[in-house]
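Hi everyone, thanks for coming. Let me put a new structure on the screen and walk you through it.

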Amino acid sequence: MAAQNTSLDDAILVADDIGVRFETAEGPVIAVDDVSFKVKPGEFLSVIGPSGCGKSTLFNVIGGLLSHHQGVVSVAGETINGPHKSIGMVFQEESTFPWRTVVDNVAFPLELIGMPKAKRIERARHFIALVGLDGFENRYPGELSGGMRQRVSLARTLASEPKILLMDEPFAALDEQTRLLLGDKVLQIQQQLKQTTLLITHNITEAVQMSDRILVMTYRPGKVKRIVDIDLPRPRTSEVVTSEPFGRYVAKIWADLREEASRGMRDEEKHALQHHGAAS
Amino acid sequence: MSATTTPARRASPGDYLPPVVGIGSLVVFFLLVELLIQLGAVNRFIVPPPSEVLGSFGRVIVEEDILQRFLLTLTECLTAGVMLTVFGVSGGVLMHRFKLLQQACETWVAAMASAPIVLMYPLFLVIFGRNAWTIIMMGFVAALPPVILKTIEGIAGTRKVLVNVGRSFNLTPTQQFWKILFPAALPTIFVGVRLGLIFALINIVGVEFLINFGGLGQLINELAERYDLAGTYAAICFVILVSILFFMVLEKAERWLRPVD
């Protein structure tokens, strides 16, 4: 695979010393602290961590939606100071436009660049077929299931042909079986397009199933705990989840995450007790 | 994967049940009223028998120039409706865009929504004279608050993730408004326009009645003065017809602008 033959010096995405601090009623909270990593062209990197480790904050920083942060994000050597056409985002929440048909949703980024209607419909149809939704072009999102709507969002982002596909737990709201099958679909598309992908997730199975490398984050403040190389054969499908090496990777990452997740749980309990104590 | 096709469904008798029950209950209600009046339980000089109201339709249509009056009230409502949609939606958009304006004005716009503006008709008479503009402006002013408030609510209620999708595609503020905020807010804006049209129609007919000028309101006034109660109720039916027509047009417009929610 191209990603494995490329050194990190050729990184297409570089996050350098990212830090985010929020002011809250209870004082400042450091959400993300000193996070640095590189993503190679064509690579699939997942960022995994317990709830509250600042994964989504990191997603917003890399996507350019959060401007108040420390450190630098650069794509192909160019520093990013806001949303950038090189980065296509797929959000955790359902984000299709309910007033547009599937084809009009997917053609949205092409409409923005002024592509003629006939051409953009043709391009949109290509990406709709890529996510396996051919036949649903003229349906409205309200007529589709949650998984299908997320595929529309994915197709819409892919239609803008970003250099980096940035996804924030896109299948979090779906059931396990749909999630595995959509994981297959994403893998297939990623391998077909050689699409550099950065996935933010809290799901270990999903991360191991799809990634070349997994960046494990600590609980608050979110720091890089470890980066794990996933040496599973490609092309991969969801069948990989039954293999022995897959189980070993899951166990390894869970060993890292367990401590962080427990810390997060204890912190939340302490927080709830303090609040309850203050209220009573 | 291919789309599942839904076979054309044949209309079942159950489909007709709601309208049949609806119309049936109305008919039963009028029959009961008729019966109570005929039995002398209700004074026919206070409530005219429905059969008499029905019989007076022909007379009201032929003798009272109903078509012209109907068209006049309809035109006044249409003018007020267009004005309140244009100015109400623009006002709401401006107030959402400029937070200071919203913070400064939203409370009194809300207060205006519950104020009996119809009582200000002498002031409007002085400003616009005894003509259709007084009536239109009264309808317009009284109906403006719900359109403004619902527009603000609709835009502010746009899901954050949709706004973020727009930001991720680097939309300009104008594109963000026309491609995301406005279509997302449309259903709520239409609720405001519907409410506004109800307010406008009530005020327009009310002011026509009060200043004895114009369309159906004036006719209701005249018929009531003559104590022609059956004719009065028949004329009120035409006011209801104006309202029905507006709601039908509005529903079509909403479906055209936003086919599916």
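Let's start with the sheet in chain A: four strands make an open sheet, in the order 2-1-4-5, with antiparallel pairing. Strands here are DSSP runs of E with at least two residues, helices are runs of H or I with at least four, and both are numbered from the N terminus. Two strands pair if DSSP finds at least two bridges between them. Strand 2 (27-39) and strand 5 (78-79) of chain A are at the edges with a single partner strand each, so one side of each has no neighbour in the sheet. Strand 1 (residues 13-24) and strand 4 (residues 70-75) of chain A run antiparallel and share five bridges. If you look along that pair, Ala15(A) sits opposite Val73(A) of strand 4 of chain A. Packed on the sheet is helix 1 (residues 55-63) of chain A, which touches strand 1, strand 2 and strand 4 of chain A, and its direction makes about 120° with that of strand 1 of chain A. Contact means that the C-beta atoms of two residues, placed from the backbone, lie within 7 Å. The angle is between N-to-C directions and runs from 0 to 180 degrees, with axes as lines fitted to C-alpha atoms, for helices over the stretch in contact.

A word on what you're seeing: this is a predicted model, where local features need pLDDT of at least 70 and side-chain atom pairs count only at pLDDT 80 or more, while totals for chains, interfaces and linings use all residues. Residues are numbered from 1 along each chain as its sequence is written, and chains are lettered from A and ligands numbered from 1 in the order in which they are written.

Now, zoom out to the domains. Chain A splits into domain 1 (1-86 + 164-235 + 244-259) and domain 2 (93-161), with bounds from an automatic or database domain assignment. Where they meet, domain 1 of chain A supplies nine residues and domain 2 of chain A supplies eight. Which helix gives the most to the domain 1 side? That's helix 6 (residues 176-193) of chain A, with four residues.

What about the partner chain? Chain A brings 21 residues to the contact and chain B brings 15.

Finally, the whole of chain A: it has eight helices and ten strands. Along its principal axes, the C-alpha trace of chain A spans about 60 × 45 × 40 Å. Thanks, everyone!
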